[in-house]
Amino acid sequence: MNADYMPPLMFGGLVVFLLIGFPVAFSLAAVGLFFGFISIELGFFTTAYLGNLPLRVFGTLSNDLLLSIPFFTLMGAILERCGLAEDLLEGTGQLFGKIPGGLAYAVILVGAVLGAITGTVAASVIAMGMISLPIMIKYGYDMRIATGVIAASGTITQLIPPSLVLIVLGDQLGRSVGDMYAGAIGPSILQIVLFILFIVGVSIFAPHKVPPLPDEALGTRGWPLIWRVAKGMVPSIVLIFLVLGTIFMGLATPTEAGAMGAVGAVVLAVANGRYTWALLREAMGNTMRITAMVIFILLGATVFSLVFQGVDGSIWLEHMMSGVPGGQVGFLIFVNIFVFFLAFFLDFFEIAFIIVPLLAPVAAKLGIDLVWFGVLLCINLQTSFMHPPFGFALFYLRGIAPKTVLSRDIYWGAIPWLLLQVVLVGVVILWPESVTYWIDKGNGVDPSTVRIEVPMPDTGDEEPPPFNFR
């Protein structure tokens with residue numbers, strides 16, 4: 001057998017395992033080992049090559065950056081249960097309640113804040129769905145608008161730092177998490193603006209679908225309301241600065257910032273009077289399950305990628321992708337369409353660990369900024385939570401929605417927001433500065449142009465020319 005057939009056969013074998021329903025982590029490892037042994041028998045590489053596997057596994061498990069995943073997960077799990085979302089939603093809903101679409105605006109803004117402090121889609125969707133959806137239904141919101149805005153606002157979590165997806169993508173692309181977070185600032189703002197503009201359009205052309213709250217539903221106005229909103233917002237902003245500000249200022253690594261965020265979440269839970277040992281135990285159990293899942297998928301992907309590289313899979317993929325017409329833009333469009341449909345079947349962690357390491361070298365050879373590439377993929381991976389019929393955000397919402405809410409309304413309600421996310425992908429492809437503008441460019445000095453002149457000591461003779469180091 002020719003070695004050229006091995007990479008497509010490996011992909012085909014992986015697809016077969018996934019269609020059968022075998023766990024992804026074990027599918028990756030099984031396919032990798034199976035084709036690894038075949039490759040040794042056929043002479044494509046030696047047994048010594050597979051001896052790199054323990055070193056790769058040890059390198060993965062000793063990666064300090066991956067420690068930030070359990071820290072941020074623990075932070076989100078604690079905040080999910082400490083009542084912060086309820087305080088934010090109730091106060092912000094009252095603040096915007098008098099204008100058409102006010103509750104929808106509150107959900108979008110609170111979704112962004114929760115995304116920046118919890119980092120988990122489930123926490124955002126469930127919290128906002130349990131609080132806002134009954135109120136929206138009670139006061140006449142269109143069912144599809146109500147369910148769509150809650151599900152979509154929850155998925156903002158995937159893009160807004162400290163997103164777990166950006167941590168994983170930064171690790172797989174070989175870029176710093178700080179740069180990934182900084183690059184995601186512009187698209188995060190654009191996404192919030194797109195969502196708000198959609199509600200503005202609905203409130204102008206179909207105001208009956210997003211009515212304002214009646215006077216009897218509005219509580220005390222004025223300074224008491226502002227204080228109520230500030231009491232929920234200010235601690236959240238402090239926690240956001242503690243986590244993100246220290247990373248951007250270079251005062252802490254992502255792992256250290258995650259640890260501070262977890263401590264800050266405990267402090268907020270205590271301040272809200274919601275902290276219990278049962279809450280902490282439940283949050284730690286949830287963190288352990290997610291972290292174990294991520295590590296097992298990463299180890300399986302390590303086995304698969306080692307064998308795939310050994311049979312020159314990267315060269316095969318590079319030749320295939322280099323033939324895509326349109327240069328950089330054509331490659332990005334093709335990859336994003338591919339990832340969009342792949343997200344129907346695979347979780348974002350699985351795509352990040354399997355597909356991204358294979359695409360990154362091709363993107364680098366085409367001169368694509370890998371931070372831009374990673375943020376683009378992160379925006380695209382958000383859609384995996386909104387895809388009918390397998391979107392997890394839709395499942396979370398279905399689980400807590402009243403029985404009067406029909407599943408078809410949840411699915412149809414997701415479509416406009418899914419299209420808005422696709423629009424954002426197109427905007428960022430055509431406007432890369434929306435990502436790269438926020439990244440620290442350093443001092444702008446090219447090291448290759450640095451000239452250091454070292455004068456020789458004066459010996460009385462003619463002075464030789466200085467040494468030039470380039």
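Predicted model: local features only at pLDDT ≥ 70, side-chain atom pairs only at ≥ 80, totals over all residues.
A residue counts as buried when its relative accessible area is under 20%. Keep that cut-off in mind, because Asp409, at 13% relative accessibility, falls on the buried side of it.

First, the overall picture. The protein has 470 residues, and 50% of them are buried. Its secondary structure consists of 22 helices and two strands. If we take the contacts with a separation of 6 or more, 78% of them join residues 24 or more positions apart. The protein exposes about 21,500 Å², and 69% of that comes from carbon and sulfur atoms.

Now back to Asp409. Which residue does the side chain of Asp409 meet in a salt bridge? The partner is Arg144, with an N to O distance of 3.2 Å. Asp409 sits in helix H21, residues 407-430, and Arg144 in helix H9, residues 143-155, so the pair ties together parts that are 265 residues apart in sequence. In general, side chains of opposite charge can pair when their charged atoms come close. The structure holds one salt bridge. While Asp409 is buried at 13%, Arg144 is partly exposed, with a relative accessible area of 36%.

Next, helix H14, which covers residues 277-310. How far apart are the end C-alpha atoms of H14? They are 49 Å apart, which agrees with the 50 Å that 34 residues should span at 1.5 Å a residue. H14 is followed by Asp312, which has a positive phi, near 60°.

Within H14, look at Thr287. Is Thr287 buried or exposed? With 8% relative accessibility, Thr287 counts as buried. Setting aside neighbours within four places in sequence, Thr287 is in contact with Pro70, Thr73, Leu74 and Ala77. With Leu74 there is also a specific atom to point at: the side chain of Thr287 reaches the backbone nitrogen of Leu74 at 3.4 Å.

Last, the surface. Which residues form the nonpolar patch there? They are Ile189, Val193, Leu197, Tyr437 and Trp438, and together they have about 530 Å² of accessible area. Trp438 lies in the loop between helix H22, residues 433-436, and strand S1, residues 452-454. Its relative accessible area is 38%, so Trp438 is partly exposed.

To recap the places to look at: the Asp409 and Arg144 salt bridge, Thr287 in helix H14, and the nonpolar surface patch that includes Trp438.

Notes: Residues numbered from 1 in each chain as written. Heavy atoms only, no water. Helix = DSSP H or I, 4+ residues; strand = E, 2+ residues; numbered from the N terminus. Buried < 20%, exposed > 50% of the residue type's maximum accessible area, 1.4 Å probe, protein only. Contact = heavy atoms within 4.5 Å. Areas by Shrake-Rupley, 256 points an atom, 1.4 Å probe, with all protein chains shown as cover. Polar contact = N/O pair within 3.5 Å; in protein donor to acceptor, adjacent residues only side chain to side chain. Expected span 1.5 Å × (residues − 1). Salt bridge = Lys/Arg side-chain N within 4 Å of Asp/Glu carboxyl O. Patch = residues over 30% accessible without salt bridge, like charges linked within 9 Å, V, L, I, M, F, W, Y side chains within 5 Å.
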